[in-house]
Protein chains: 2
Amino acid sequence: MTIALDAMGGDQAPEMVFEGAEVALERHPDLCFLFVGDEARLADLLRRHENLAAESEIRPSESVVTGTDKPATALRQGRRSSMRIAIDAVRDGDANGVVSAGNTGALMAMAKTVLRSLPGIHRPAIGSLFPTMKGETVMLDLGANIDCSAENLFEFAVMGDVFARNVLGIVEPSVGLLNVGIESYKGNEIVRAAADLLRTQQLSIKFHGFVEGDDITAGTVDVVVCDGFTGNVALKTAEGTARLYSEFLKATFSESVLSRLGYLLARPALSALRERADPRRYNGGIFLGLNGIAVKSHGASDALAFANAIGFAYDMATHGFNDAVIDELNRWYAGQNDEAKAATR
Amino acid sequence: MTIALDAMGGDQAPEMVFEGAEVALERHPDLCFLFVGDEARLADLLRRHENLAAESEIRPSESVVTGTDKPATALRQGRRSSMRIAIDAVRDGDANGVVSAGNTGALMAMAKTVLRSLPGIHRPAIGSLFPTMKGETVMLDLGANIDCSAENLFEFAVMGDVFARNVLGIVEPSVGLLNVGIESYKGNEIVRAAADLLRTQQLSIKFHGFVEGDDITAGTVDVVVCDGFTGNVALKTAEGTARLYSEFLKATFSESVLSRLGYLLARPALSALRERADPRRYNGGIFLGLNGIAVKSHGASDALAFANAIGFAYDMATHGFNDAVIDELNRWYAGQNDEAKAATR
């Protein structure tokens, strides 16, 4: 199981990439790595991470896609970039997946161009996990597709269902469509048409119906489906709210001598809280629907966050995520054909 | 200054409405109330709230709009409902504004039909305040308009700007458009066209540009503008995240004897935190762009929350919110006409 790592992407690259790989290797001893980047620097780092050396290879690149590069620019000018060469390794069969903490838009654009979409998937999406009252929820799309059709949302639901089932191991995951109310007449035409598709599908998707913004963290469903505009705003609003609450809490504990003392006593429990709510646990914009596995790690990733992103790529490859999506979609199209034949009889 | 109160709307009505009015009267001694609802029950309640009696009037109604009534049904069948008669009082000049904790969709539908939109406003919106790192932010639309044009968003920006300036007293409020990135090429055609309108306007709006979901609670701008689908999802996602964090915190403090002791010591400060983050402080879906003032209080409102909603109606009436919006739009249309004349010369 080899994962190609864009060793130059992310604020703390390349050191953080090696440290993250080390953590991931402890968790999954069968992992091998293909580090892509500045050859001299990477060779030096690999010497300093002895336990990685046996299972790692270095592939040189000539440039780095920056955080401000437009996707189209990165596509045109970044053919010899660490990001691109890492993706190429997946296409060429040299790696089972790619992880990068670089520019999200550029990574998606390159991955779409190089790997192409899975058969039956019109628009790959970005998914991630949210912490909830009950555990965690998969949500997609988080920003790859600004405008979506009902069919796009339906395909996201198929991918979210397969991810929850195969990768997270949830038995009969429930799938909800994000809307402004739970009643069937709520929302715009697109979400209502997507709900119709999900209600009538003969696949194994357990469609819950519409869910609202507060259902995401309530854990009402295992999979939340939405367009990329709404999903991106919801994700960032949740991050901002968690940050606000945590700031308020910090201020609260420094308010008086007693509350400072209370903080000291509760500190171990509060550290556990921080860990529980730690966004790094859920790090990884998981690219779903590509003909190859690609995971985006947050630009500000540290080693732990990067290791978690590698973990998602590993799990998707191990559990045959892409093959399962293709199977589901084949069943869907076969059902559609049967219906079409029945209708013309 | 008379506010008409839908005394039958909300989970805890009508008692809560009278208690809320009492709190509001303490804050604004010049307030008068028009309670609309079941005459016998309200007369009984008014006897028990002696300090309200002198400044209050009861207006009987024959029915109540329920939480599950569709807006169209409420419009057709609710002509003698407490909600409708309270709104009628504003149209007829018997009240300066109306507050209801009843069905949001029905309230907006009735208010639009009875009061109509302000001249120059094509779509009234629902706004509210969010707590932020720096204080508070006005956000609109929160769900009145699922699909919006660039012109709709522009009008929301005008109303948000006037609200921040006149009602909240913010000098030169900054206005941001909610998007999936801050770069000018990000988002869909509608937000980009709205940004163009805001960049070129000759009004007093200080346009900041695009903001992202986490900018809402960061307090990056004083006013956040978005369509009602996105705004509703963002609002509910923020509420859900705050609830999740607060549940995590509760669990944290009960984890060990030490953390329970720590909780006891920090309790006063933690109560202050709860109050600071208390959604009741910001209660009130403020209807903006109607030819009359209407405020929606949360269905689960208690007296304090309802008093805050009355406070918004009072402040909007006192500060001449609607006249200021009309003035701004007149300036906008005059500028458009000048441009059109200049172009034909």
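## Buried and exposed residues

Buried means under 20% relative accessible area, exposed means over 50%, and partly exposed lies in between (1.4 Å probe, protein chains only). This is a predicted model, in which local features need pLDDT of at least 70, side-chain atom pairs count only at pLDDT 80 or more, and totals for chains, interfaces and linings use all residues. Residues are numbered from 1 along each chain as its sequence is written, chains are lettered from A and ligands numbered from 1 in the order in which they are written, and side-chain values use heavy atoms, with hydrogens and water left out.

Ala95(A) is buried, at 7% relative accessible area. Ala95(A) sits in the loop between α5 and β4 of chain A; helices (H or I, at least four residues) and strands (E, at least two) are DSSP runs numbered from the N terminus. Apart from neighbours within four places in sequence, Ala95(A) is in contact (heavy atoms within 4.5 Å) with Thr2(A), Ile3(A), Ala4(A), Ala89(A) and Val90(A). The C-alpha atoms of Ala95(A) and Met1(A) are 7.5 Å apart, although 94 residues separate the two along the chain.

## Salt bridges

A salt bridge is a side-chain nitrogen of Lys or Arg within 4 Å of a carboxyl oxygen of Asp or Glu. Over all chains, a search of the whole structure finds 30 salt bridges. One of them joins Asp94(A) and Arg59(A), at 3.0 Å from N to O. This pair links distant parts of the chain, 35 residues apart: Asp94(A) is in the loop between α5 (82-91) and β4 (97-100), and Arg59(A) is in strand β3 (residues 56-60). Asp94(A) is partly exposed at 35% relative accessible area, and Arg59(A) is partly exposed at 22%.

Asp44(A) and Arg47(A) form another salt bridge, with the closest N and O atoms 3.9 Å apart. Because they are three residues apart in helix α2 (residues 39-48) of chain A, about one helical turn separates them. Asp44(A) is partly exposed, with a relative accessible area of 33%, whereas Arg47(A) counts as exposed at 58%. In chain A, salt bridges also link Arg84(A), Asp88(A), Arg91(A) and Asp92(A) in a network. In chain B, Asp92(B) pairs with Arg91(B), with 2.9 Å between the closest N and O atoms. Asp92(B) is partly exposed at 45%, as is Arg91(B) at 44%.

## Contacts between the chains

Thr241(B) belongs to helix α10 (residues 228-253) of chain B and is buried, with a relative accessible area of 5%. Residues up to four places away in sequence aside, Thr241(B) touches Thr217(A), Ala238(A), Thr241(A) and Ala242(A).

Helix α11 (residues 257-276) of chain B and α11(A) cross at roughly 145°, their axes coming within 7 Å. Axes are lines fitted to C-alpha atoms, for helices over the stretch in contact, and angles run from 0 to 180 degrees between N-to-C directions. Residues making this contact include Leu258(A), Gly262(A) and Ala269(A) of α11(A), and Leu258(B), Gly262(B) and Ala269(B) of α11(B).

## A nonpolar patch

Leu258(A), Leu261(A) and Leu264(A) make a nonpolar surface patch of about 270 Å². Patches are made of residues with over 30% relative accessible area and no salt bridge; like charges are joined within 9 Å, and nonpolar side chains (Val, Leu, Ile, Met, Phe, Trp, Tyr) within 5 Å. Accessible areas come from the Shrake-Rupley method with a 1.4 Å probe, and for residues only the protein chains shown count as cover. Leu264(A) lies in helix α11 (residues 257-276) of chain A and is partly exposed, at 47% relative accessible area.
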